[in-house]
Amino acid sequence: MKKNIALYAENLTKIYNLEGVKVRALDGVTFSIPKNQVTAIIGPSGSGKSTLLHLIGCLDKPTSGKIYIGSTDTSKLTDKELAKLRNEKIGFVFQFFNLHPLLTAVENVELPETIKGVGEEQRREKALKLLKQVGLEERAFHYPNQLSGGEQQRTAIARALINNPEIILADEPTGNLDTKSGHEIMQLLINLKKNATVVVVTHDLDIARHAEHIVRLRDGKIEYADGFKKKLL
Amino acid sequence: MRFKDSLKFALHNLTTRGLRSWLTIIGVIMGVAAIVAIVSVGQGMQQVISSQLGALGSDQVYVLPGGSISSNIMSGLGAKAPGELTDKDLKVIESVEGVIVAAPDIIGMETVSFMGDSNKFYIWGTNEQWVKVREASVSMESGRFLSEGDRGVAVLGYEAAKETFDKEVSLGSQIKIGNESYKVIGIMNSIGGLGGAQEDKAVFLSLEDAEKYSGVFGIDNYYAIEIKVEQERVEEIAEKIKEKLMNARHVTEDKIDFSVYTPKMIVSVVSSVLTTINLFLYGIAAISLIVGAVGIANTMFTSVTERTRQIGILKALGMTNKDVMNLFLVESALIGLVGGILGIFFGFLISGIIGQVASVFLASSRVGGVSMVYVSPELILFSLAFSVVIGIISGIFPARRAASLEPVEALRYE
Ligand SMILES: Nc1ncnc2c1ncn2[C@@H]1O[C@H](COP(=O)(O)OP(=O)(O)OP(=O)(O)O)[C@@H](O)[C@H]1O
Ligand SMILES: [Mg+2]
């Protein structure tokens with residue numbers, strides 16, 4: 001595997017079985033994601049973007065095919081090892097914010113560290129620093145329902161960054177926001193990512209312009225995957 | 001994840017669900033309170049009874065009015081049993097071969113005051129024969145026991161004289177029973193026994209004096225007749241007493257209106273009655289605990305469903321199945337613990353009320369110096385441990401359900 005590859009997926013197929021009806025959400029997908037760059041996964045609704053993101057985030061398992069994160073073959077990992085991998089190497093940002101409703105903003109940001117078993121003082125300091133970076137230091141002790149959509153998403157970005165992940169996965173992170181906040185969120189993600197690989201699922205081509213690399217899906221198959229995004233957009 | 005953080009999470013979840021958590025906890029409280037109350041009353045009862053049985057001599061036979069155990073128990077509680085025992089019966093008993101000596105008992109309860117201080121006491125009416133029946137266990141510390149024809153005099157049990165009033169009662173003092181004065185002519189040595197004997201707490205009067213304080217009992221209706229018999233033939237002599245009394249009272253076996261007990265019989269009757277009562281009560285307590293456990297399981301299942309999305313977030317962020325499981329187990333254990341603590345408290349309260357009610361009926365909840373209600377430290381520890389275990393057990397299935405959720409399914413859940 002090449003050094004500059006963060007993630008490699010080989011012949012991925014995902015078939016959902018819904019009350020006997022089989023849905024082929026992904027059909028023999030092979031692609032790689034370059035390291036330390038921003039990759040956008042685009043395609044029409046129902047083309048399998050979220051399914052793909054869940055598979056490479058190890059939230060779900062493929063029906064067949066393999067996913068390598070770095071040089072790790074994730075199909076060989078136990079549930080516990082997968083949990084550790086998600087905790088230490090991956091940061092998630094979802095469309096519907098996915099903050100824990102019973103925890104304050106800062107507690108939400110801390111959550112990956114809390115799960116890891118980091119002590120309260122240490123993780124609190126880190127979380128507050130990150131909240132400052134996303135411009136929310138004054139909202140640290142507010143609960144999610146007291147925050148606007150954009151603020152919730154910024155909290156989620158801070159949370160995705162706290163473990164210094166190698167890969168940040170975002171599924172329609174701007175989908176519930178207006179155009180202006182959407183671009184702000186993307187800019188924030190790109191500015192703060194440091195040495196992380198970012199994969200963003202979006203159906204908004206305007207948002208996809210922030211990316212250096214594009215993977216385009218249609219009907220569960222790769223329609224296009226390469227670095228020359230300008231040709232596509 | 002650190003235990004401290006799991007605990008914080010669990011507490012958070014419990015307090016957020018406020019009322020519903022409390023309703024679940026109430027289920028546990030009822031179960032634990034039932035157990036604590038029942039066991040403490042049961043243990044108290046056992047102590048009272050063993051202390052009373054401890055005072056029985058092995059060469060003694062008792063005759064009580066009433067032909068059945070239930071009528072004997074009722075008469076013990078002050079109700080009138082069918083068929084009185086009188087001096088006539090005493091004479092019959094004395095004539096039975098093997099009987100050494102016999103004495104009548106009438107028992108009541110009255111306030112006794114001494115130098116401005118008052119206490120409730122057993123008032124025990126009997127005659128001069130009583131010390132002979134009780135020869136093996138009773139002796140005088142000072143003075144003498146009642147003699148024939150004594151009136152207006154009292155003999156005190158050891159505790160009654162030495163340990164009940166602010167000042168010790170000495171020989172020759174005047175005590176007041178109800179509104180009448182009595183001169184103390186004797187003080188007995190302590191009989192002791194497990195928890196102290198009721199004789200130690202009693203005031204002994206002549207039958208004629210005691211009659212004023214003894215309710216339905218009196219010289220024409222004894223509470224009991226105590227008999228000392230030849231030690232080697234207790235059962236045989238008891239049988240003879242029964243036959244002679246039946247003849248004298250003109251009753252047949254199936255219409256018998258009195259009972260003859262030997263110590264052996266009393267022990268076996270009492271313990272079999274106690275065992276039956278306890279089994280029944282424990283059954284009720286166990287059922288209420290099971291109901292409490294089902295309540296916990298139900299709440300936890302609901303809570304897993306409601307929190308599916310949160311579980312999804314936690315798993316996406318790397319929480320292991322084991323940690324998710326622990327989160328729910330800690331929560332259900334907490335429900336058990338809080339329910340246990342409050343249950344013990346209410347159990348105390350209930351057993352206290354039972355003690356009070358009993359004291360109204362029996363005029364004293366401390367029968368013979370032993371509390372009717374006994375809450376042991378072991379019982380508290382056991383109940384606490386038990387309620388936590390119940391909490392954990394009823395949390396296992398919901399917690400497993402939560403742990404087995406696929407992260408992606410949990411995230412999709414709306
Ligand atoms: N849990 C599931 N069970 C059954 N079918 C599913 C499930 N999840 C997704 N699908 C189906 O798989 C296909 C791909 O879904 P996916 O959510 O990956 O699409 P998407 O590209 O993310 O669409 P969108 O842009 O609308 O979010 C769809 O046809 C969808 O109906
Ligand atoms: Mg999607």
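pLDDT is the predictor's confidence in each residue, from 0 to 100. This is a predicted model, in which local features need pLDDT of at least 70 and side-chain atom pairs count only at pLDDT 80 or more, while totals for chains, interfaces and linings use all residues. Residues are numbered from 1 along each chain as its sequence is written, chains are lettered from A and ligands numbered from 1 in the order in which they are written, and side-chain values use heavy atoms, with hydrogens and water left out.

**Confidence**

The predictor assigns the complex an ipTM of 0.89 and a pTM of 0.68. The mean pLDDT of chain A is 87, and 95% of its residues score at least 70. For chain B the mean is 83, with 89% of the residues at 70 or above. Where pLDDT is low, the predicted coordinates should not be read in detail.

**Ligand 1**

Ligand 1 lies between chains A and B. The shell around it has 14 residues (a heavy atom within 4 Å), and A:Ser45, A:Gly46, A:Lys49, A:Ser50 and A:Thr51 are the closest. By type the shell holds 5 nonpolar residues, 6 polar and 3 charged; Ala, Val, Leu, Ile, Met, Phe, Trp, Tyr, Cys and Pro count as nonpolar, Asp, Glu, Lys and Arg as charged, and the others, Gly among them, as polar. Helix 1 (49-56) of chain A, strand 1 (5-18) and strand 2 (21-34) each supply at least two shell residues. The largest share, 3 residues, is from helix 1 of chain A.

| Residue | Protein atom | Distance |
|---|---|---|
| A:Ser45 | polar side-chain atom | 2.5 Å |
| A:Lys49 | side-chain N or O atom | 2.7 Å |
| A:Gly48 | polar backbone atom | 3.0 Å |

Taken alone, ligand 1 exposes 630 Å², and the protein buries 70% of that (Shrake-Rupley method, 1.4 Å probe).

**Interface**

Chain A gives 31 residues to the contact and chain B gives 26. The area buried between them is about 2,400 Å², with 58% from carbon and sulfur atoms; buried area is the accessible area (1.4 Å probe) that two parts lose on being put together, summed over both. B:Ile313, B:Leu317 and B:Val408 supply 22% of the area that chain B buries against chain A, more than any other three residues.

Terms used: A polar contact is a pair of N or O atoms within 3.5 Å; within protein, one must be able to donate a hydrogen and the other to accept it, and residues adjacent in sequence count only if both atoms are side-chain atoms. Helices (H or I, at least four residues) and strands (E, at least two) are DSSP runs, numbered from the N terminus. Contact means heavy atoms within 4.5 Å.
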